[in-house]
Amino acid sequence: MEFQTYFYGGETEQDSPEAARLRRLVASPAAGRVMGLVADSPPGRWNRRELEARFGPELVGGLLLAGTLREENGGVWLDCPVFLEGDLEPLRRLTGRRAEEIAARLRPLQGRMEELMAALPNGVPPGENLYHLLCGGVFDGRYFDALEGEGLAAVRRDRALPDVVTLYQRGTALERWSRSLLCSYNRYGTPAGIFQSFGDCAGDRWDFYRVARQLETGALEDAALIPLSRQALVEGYLALAAGKPVSPRALACLERFGYARAGRPCVPIYVWAEDRPVLEALFLLVRLAADALVREALTDLRSCAGLTANRHRVAVAETANEVYHLLFGQVNECLVRDGVVEAPEDHGPQGRYRRAFEIHQGTVARPCPPRGEWTRAGETKERSL
């Protein structure tokens with residue numbers, strides 16, 4: 001059994017060496033073999049000594065330390081959300097109908113949401129701003145903050161590996177479905193600014209976060225792909241946005257990853273000192289429409305006995321993190337289908353996504369590229385790995 005591993009909140013600027021080591025271990029094929037054996041057996045069937053005899057004490061001990069496995073009543077249990085092929089139907093029942101209902105409640109609000117977007121002086125069409133701020137900033141950001149505050153979903157763990165770790169069995173209809181949804185928010189930066197991209201997980205996305213993670217795990221070995229620190233890249237982009245000189249090395253990297261073109265920024269820029277009230281107003285609008293259905297799905301999760309994670313008594317709030325991702329990912333697909341938000345760019349083998357940049361400290365005079373430079377739905381910009 002092989003797994004696709006996701007880390008919610010992983011690889012931040014404050015990442016510890018121990019967290020990075022455990023992340024590499026959890027994502028390794030060897031770890032997948034241990035997790036697969038435990039997941040494919042009755043909970044507690046194997047004890048630590050038996051697993052260590054088969055896989056070695058270092059690997060098993062690392063997974064216990066990372067919090068993907070736990071010891072309970074003399075046996076070893078899963079301790080993070082693991083989704084197997086048989087979990088597809090329970091997850092569809094939890095999320096599918098409710099996602100359609102949430103989207104139906106949001107459609108009549110399109111005009112009001114576009115009015116909010118008109119307050120943003122970034123020269124970006126309302127549908128594209130809604131793609132970034134509604135699909136990403138609200139559903140995969142601000143809404144998560146609210147759910148965490150109420151204990152309905154976890155966004156971090158008090159472990160040596162603080163990420164919320166989620167595993168999907170590879171090669172299943174469930175994994176293909178989950179990867180196809182618009183629910184993946186990649187963020188890479190510093191307290192001053194963040195390079196972000198939002199889209200699906202159906203390909204090898206070409207962005208700073210994904211490449212940095214692949215370099216960390218050894219999937220990529222060419223360190224020259226990101227030759228500068230994240231601080232240097234953020235400082236370079238802030239300078240570029242302000243019309244100041246940028247080193248050729250930084251500019252080449254920014255252009256290579258699609259955040260600049262011909263020496264200028266080429267993605268939407270959000271300045272939170274000015275734009276935060278718009279995001280908050282959008283969040284309140286969406287929450288009034290969607291909250292009852294979101295809560296219903298996450299509450300029903302607790303009684304869904306068929307889920308692998310529930311059989312292993314994994315913390316429900318951690319499983320809720322992924323169930324909520326599946327829920328709003330389907331909502332976002334409906335909003336794209338109905339023309340409420342701009343469609344993501346289709347990058348072929350990289351998947352579907354759009355890039356943007358967020359300024360979190362200070363402000364700049366935001367550049368507004370000529371209208372023809374903004375990508376519209378159905379068009380693609382060629383960016384190869």
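Visitor: How many salt bridges does the count come to?

Guide: Side chains of opposite charge can pair when their charged atoms come close. In this predicted model, the count comes to 31 salt bridges. One of them joins D163 and R23, with N and O 2.8 Å apart. D163 sits in the loop between α7 and β5, while R23 belongs to helix α1, so this pair ties together parts that are 140 residues apart in sequence.

Visitor: Are D163 and R23 buried or exposed?

Guide: Buried means under 20% relative accessible area. D163 has a relative accessibility of 2% and therefore counts as buried. R23, at 1%, is buried as well.

Visitor: Which parts of the chain does the pair of R97 and E296 link?

Guide: R97 and E296 form a salt bridge whose closest N and O atoms are 3.6 Å apart. The pair links helix α5, which holds R97, to helix α12, which holds E296, across 199 residues. R97 counts as partly exposed at 46% relative accessibility, and E296 is also partly exposed, at 33%.

Visitor: Which residue meets D200 in a salt bridge?

Guide: The partner of D200 is R352, at 2.9 Å from N to O. D200 lies in the loop between β7 and α9 and R352 in strand β12, so parts 152 residues apart in sequence are tied together. D200 is buried, with a relative accessible area of 3%. Elsewhere, salt bridges with shared partners join R70, E72, D79, R159 and R313 into one network.

Visitor: What is found around a buried arginine that has no salt bridge, such as R355?

Guide: R355, in strand β12, is buried without a salt bridge, and the nearest side chain of opposite charge, E345, is 4.9 Å away. The cut-off for a salt bridge is 4 Å, which explains why E345 is not counted as a partner. A polar atom of the R355 side chain lies 2.9 Å from the backbone oxygen of W206, and a polar contact of 3.2 Å joins the side chains of R355 and Y353.

Visitor: What does the side chain of R98 contact?

Guide: R98 is found in helix α5 and counts as buried, at 5% relative accessibility. The side chain of R98 makes a polar contact of 2.5 Å with that of D300. Beyond its neighbours within four places in sequence, R98 is in contact with several residues, among them R93, L293, E296 and L327.

Visitor: How many disulfides does the structure hold?

Guide: One compares the distances between cysteine sulfurs. The structure holds zero disulfides. For C183, the nearest cysteine sulfur, that of C201, is 6.1 Å away; C183 is buried, with a relative accessible area of 9%. For C253, the nearest cysteine sulfur belongs to C266, 13 Å away, and C253 is buried at 0% relative accessibility.

Conventions:
Residues are numbered from 1 along each chain as its sequence is written. This is a predicted model: local features need pLDDT of at least 70, side-chain atom pairs count only at pLDDT 80 or more; totals for chains, interfaces and linings use all residues. Side-chain values use heavy atoms; hydrogens and water are left out. Helices (H or I, at least four residues) and strands (E, at least two) are DSSP runs, numbered from the N terminus. Buried means under 20% relative accessible area, exposed over 50%, partly exposed in between (1.4 Å probe, protein chains only). Lys and Arg count as positive and Asp and Glu as negative; His and the chain ends are not counted. A polar contact is a pair of N or O atoms within 3.5 Å; within protein, one must be able to donate a hydrogen and the other to accept it, and residues adjacent in sequence count only if both atoms are side-chain atoms. A disulfide is a pair of cysteine sulfur atoms within 2.5 Å. Contact means heavy atoms within 4.5 Å.
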